[in-house]
Amino acid sequence: MHCFECSVIAVSTPAVALCSDCGAALCYIHLVEKPPTHVVVETVGPVGRRVETGSRVRRLICHPCDRSRRAGAPPVGRRANVQVAPSAR
């Protein structure tokens, strides 16, 4: 697998990670490592609550996703909570 950002400029660089927001393959140059954070699990049902687990995970994201997060945009890609409207028939 090769870095998506490098392929845009016609360079073949091996990927070392996947963006946790959009899923793009990234090399060391094009990834942004965010500090480890605690995992928060949200439960549903009659007793819905947020539970912080003891494990910490680090986030590896691409530069475009990092820029959009800094600008306050919601995450994109497979991790986004996006509502898709049903198609018109």
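Buried means under 20% relative accessible area, exposed means over 50%, and partly exposed lies in between (1.4 Å probe, protein chains only). By that scale Phe4, at 46% relative accessibility, counts as partly exposed.

This is a predicted model: local features need pLDDT of at least 70, side-chain atom pairs count only at pLDDT 80 or more, and totals for chains, interfaces and linings use all residues. Residues are numbered from 1 along each chain as its sequence is written, and side-chain values use heavy atoms, with hydrogens and water left out.

## Overall layout

The protein has 2 helices and 4 strands. Both element types are DSSP runs numbered from the N terminus: helices are H or I with at least four residues, strands are E with at least two. Along the sequence the order is α-β-β-β-β-α. Of the 89 residues, 20% count as buried.

The accessible surface comes to about 6900 Å², and 58% of that surface belongs to carbon and sulfur atoms. Areas come from the Shrake-Rupley method with a 1.4 Å probe; for residues, only the protein chains shown count as cover.

Contact means heavy atoms within 4.5 Å. Among contacts between residues at least 6 apart in sequence, 45% join residues at least 24 apart.

## Salt bridges

Side chains of opposite charge can pair when their charged atoms come close. The criterion here is a side-chain nitrogen of Lys or Arg within 4 Å of a carboxyl oxygen of Asp or Glu. The structure holds 4 such salt bridges. Among them are these pairs:

| Pair | Closest N to O distance |
|---|---|
| Asp21 and Arg59 | 2.9 Å |
| Asp66 and Arg70 | 2.9 Å |

Which residues does Asp21 join in a network of salt bridges? Asp21, Arg59 and Arg69 are linked. Take the salt bridge of Asp21 with Arg59. The pair links distant parts of the chain, 38 residues apart: Asp21 sits in the loop between strand E1 (17-18) and strand E2 (25-26), and Arg59 sits in strand E4 (residues 50-62). Asp21 is buried, at 1% relative accessibility. Arg59 is partly exposed, at 23%.

Arg69 is partly exposed, with a relative accessible area of 34%.

Asp66 and Arg70 form a local pair. Both lie in helix H2, 4 residues apart, about one turn of the helix. Asp66 counts as buried at 4% relative accessibility, whereas Arg70 counts as exposed at 67%.

## Core and cysteines

In soluble globular proteins, nonpolar side chains tend to be buried together. A nonpolar core is taken as a set of buried Ala, Val, Leu, Ile, Met, Phe, Trp, Tyr and Cys residues joined through side-chain atoms within 4.5 Å. The largest one has 8 residues: Ala17, Cys19, Leu26, Leu31, Val32, Ile61, Cys62 and Cys65. Strand E3 (31-42) and E4 each supply at least two residues of this core.

Val32 also has contacts beyond its neighbours within four places in sequence: Arg59, Leu60, Ile61, Cys62, His63 and Asp66.

How many disulfides does a search of the whole structure find? The count is 0. A disulfide requires a pair of cysteine sulfur atoms within 2.5 Å. The sulfur of Cys6 is 3.8 Å from the closest cysteine sulfur, in Cys27, which is too far for a bond. Cys27 is in no disulfide; its nearest cysteine sulfur, that of Cys3, is 3.7 Å away. Cys6 is buried, with a relative accessible area of 4%. Cys27 is buried too, at 2% relative accessibility.

## Surface features

Phe4 is found in helix H1 (residues 4-8). Together, Phe4, Val8, Ile9 and Val11 make a nonpolar surface patch of about 400 Å². Patches are made of residues with over 30% relative accessible area and no salt bridge; like charges are joined within 9 Å, nonpolar side chains (Val, Leu, Ile, Met, Phe, Trp, Tyr) within 5 Å.

Arg49 is found in the loop between E3 and E4. Arg49 counts as exposed, at 52% relative accessibility. Not counting residues up to four places away in sequence, Arg49 touches Val41, Glu42 and Thr43.
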